Structure formats: structure tokens, C-alpha cells
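Please open the structure in a viewer and display the side chains.

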Amino acid sequence: METLGKREFGEEMRGEFSLEEEMVFLNHGSYGAVPKIVQTERVALLETMDRHPDRWFRNEVRPLYDEAVKELAEFVGADPDNIVFVTNATAAVNTVLKNLKLESKDKILMTKHTYQACAFAAESAVKRVGASTVVMEISLPIESEDTFVDQVVEICKNNAGVRLAMLDHISSPSAIVFPIGKLARELHKLDILLLVDGAHAPGQLQLDVEDLGVDFYVGNLHKWCYAPRGCAFLWVSPEHRTSMEPLVTSHSYKEDMVEQFFMQGTIDHTPYLCVKPALKFYKDLGGHAALLGHIQPLLDWAQDMLCQALGTTRLPVPQSMQAPFMRVLGLPVSENTTRTRESGINLMKDLYTHHRVVVAVVAFSNQPWLRISANVYNCKEDYICLKDTLVKLLKKV
């Protein structure tokens, strides 16, 4: 079994995090969990800033920021000139959409699984100029990557005027890995720009964003890379860099993209600076291969066990489109698990408030689903507890 120092993956690794002892935490995918060592580093940076604020902002923070950008760029396969820090993936999506010069004839393509905040951002963007959105239904089962790509291409061909496709790398509710490289090639043949919402991808997928062939790529670092919340990135293809400005215009207006995104007034840069210790923690675990070695068999077992106990099935997608660190399986329809997003939120609150079990409950394709996550601190007992809790709840209905 893989280790960090003297701790083995599984229950022992909880000691590296601040998670409540009695909580069963199976929702790393939503907000992540920051290791104690990264929290300590951030506190030290905050103390340094407050000991001499002028020296920090005028002399110290920029070199540290540039080092963090370089570290991030190397991790995701990016040119440092093409990548900037932002607070979260939603802010990055808004940045792209608000810089995109749309006309009334233009359309933005998204799917039924697009993260709601990003869907609203697209609606806001098109509303300003009288443009429109096209929302693609994701039909289940998905037979293959190629059939999925064909569906996207077909809907673009049937809707003249699609200017931008905003697609997930890993969809939030369904944990489906979109074949981004294939999609980029086909969409560019149709002169359609591609904005990838990779909120769940960094750390979960091995990235080389320069080679994906996309126009814009956004990703969170607080989910699977162990960074503090408020740390994400926007990657912009070189041909679009000069037209990309941050949402906040500040002192570096008219300078290059990297300079403009750094200079956002008096802000707290420490979440960005903690990319270095966060990625060190990730690498000290053994990197992607070690994480996958612990998480994949654990989730495969947990998904099958839960499906059998609940009398449901896993999400019908090819293995190549299944997220490495998340799984989705059906929930029985009941009073507690109806087919709406709101009922899912209510069940989630009930589970973590009254049963101390934290897991994502979602709804799509007119059905409730359970999205389970795993990380280095999870073990089989966590999923057995989830199973026992759900079985008891559903029997009460």
C-alpha cells in the first residue's frame, strides 16, 4: 500500500487533513480537502504579509507568484505565458465569456450536464447582445467516445451560428470524461471555438493543455490538487491572449495578459502561492499513479457494492469516459430521492446533518444519482457506512 511518510493510504491518511473525526467524507469532488501542511504554509505566508505589508506587496509577492505560475504550468503542461491564476473555475469561465465579442446571430453550445453557474454565465453573455444558447441533451447509454463526438458535431451542424462550445472535461453531476482532444479537432473544422470547463480535471487527469488543441481551458486546484480554496487557473491559446482581460481592470491595464491578471488591486495572493506546497504534497504521495492505484479499485468495489445494496446500476458510459476519482450510480426513486436537483440537495443536507455522511446527490436524465468520490484518506468502511445509512433511510419511506 502507498504511503506518505509513515502513514498508509486509507484511514491513517486522515491525520494529514483537518476533517472531523466522526464524519464519513465521500465528497472530495465538491470542495476538496486542504492538507494540514498546506494550511500551515498559508498561515506563514499571511503572517509574512502582515508583518510588513508594503514590503510584501511592493517587493516580495511577485517573485513568489511567478514561481507558483511556473510550478502550475509545468504540472498542467502549459507555457507560463499562456496561464494565469483566478479564484475559481466559474470566475475563469465568466472571464472568457465576457471577453468574447458576440453578435446577435451567434450561439453558445453547452450540455444538460454543464455546471449551473457556468450555464447562467453563458445565458448572461448571450442576453447582452441578443444571441442565444443551444443546450445538448446527453443521451444514455453512451456507447463510445466517437459516438459522443458525433452527437456534438451533429447538433452544431443542425444549429447554424454556434460560435463557441463550452464543454466539460469532467462533467460535475455525472463525472463523465469528455474526449476533449477529439472534440477540439472536429469543432475547429466547423470554425467553432472551444472553452473547456476543467473544474474537476487537474490532479484527476494528467493534463497537457498546450496539446489539447482547445482555445480556452479553466481548472480548479482546490479539488484534486490540495490547494486552498480560491485557487484556479485560466489557460488561453496564444492567438487569443491579447484580447483576454481580467474581470477587474486595474493598474496594469493595456499590459500583457499575465501582468493584468496578477495586478488585481490589493488582494490575498496566498491561495495561489500555496500551489507549490500543494503540488509537492501531491507528488510526495506518489503522484497520479499512486493515487490511481489506491482510488480506482476502491471506487470500483464501492460502486458495485452500493449498486447491489440499492438495487440500481452504474452510469452507463464507456470506461474511458469514467472519471478516475469519482463514480456515479443510480438511486431508487422515492420520497427522499425524487428526480429534481432540489430533492438531491435536501437529501445531501439530511445525510451530513443527521447521519454525518457527506456525499453528492444529483439529478439528470429524469433520475436521481449518487456521486461518490475517493481520495487517499478513504477506505472501504466509509462506503459501507454510506450503504448502511442509505438502506435505512430508504426503508423508512
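**A tour of the aromatic rings**

Begin by selecting tyrosine 65, which is buried at a relative accessible area of 0% (buried means under 20% relative accessible area, with a 1.4 Å probe and protein chains only). The model is predicted, so local features need pLDDT of at least 70 and side-chain atom pairs pLDDT 80 or more, while totals for chains, interfaces and linings use all residues. Residues are numbered from 1 along each chain as its sequence is written, and side-chain values use heavy atoms, without hydrogens and water.

Across the whole structure, a search finds 15 aromatic pairs (rings of Phe, Tyr and Trp, the last by its six-membered ring, with centres within 6.5 Å; planes under 30 degrees apart are stacked, over 60 edge-to-face, the rest tilted).

Next, select arginine 62, whose charged end sits over the ring of phenylalanine 262, 4.5 Å from its centre (CZ of Arg or NZ of Lys within 6 Å of the ring centre and within 35 degrees of the ring normal). Lysine 380 places its charged end over the ring of tryptophan 301, 4.9 Å from the centre.

Finally, select Phe17, Phe25, Phe75, Tyr226, Phe281, Tyr282 and Tyr377, which ring pairs link into a cluster.

Definitions and conventions:
Buried < 20%, exposed > 50% of the residue type's maximum accessible area, 1.4 Å probe, protein only.
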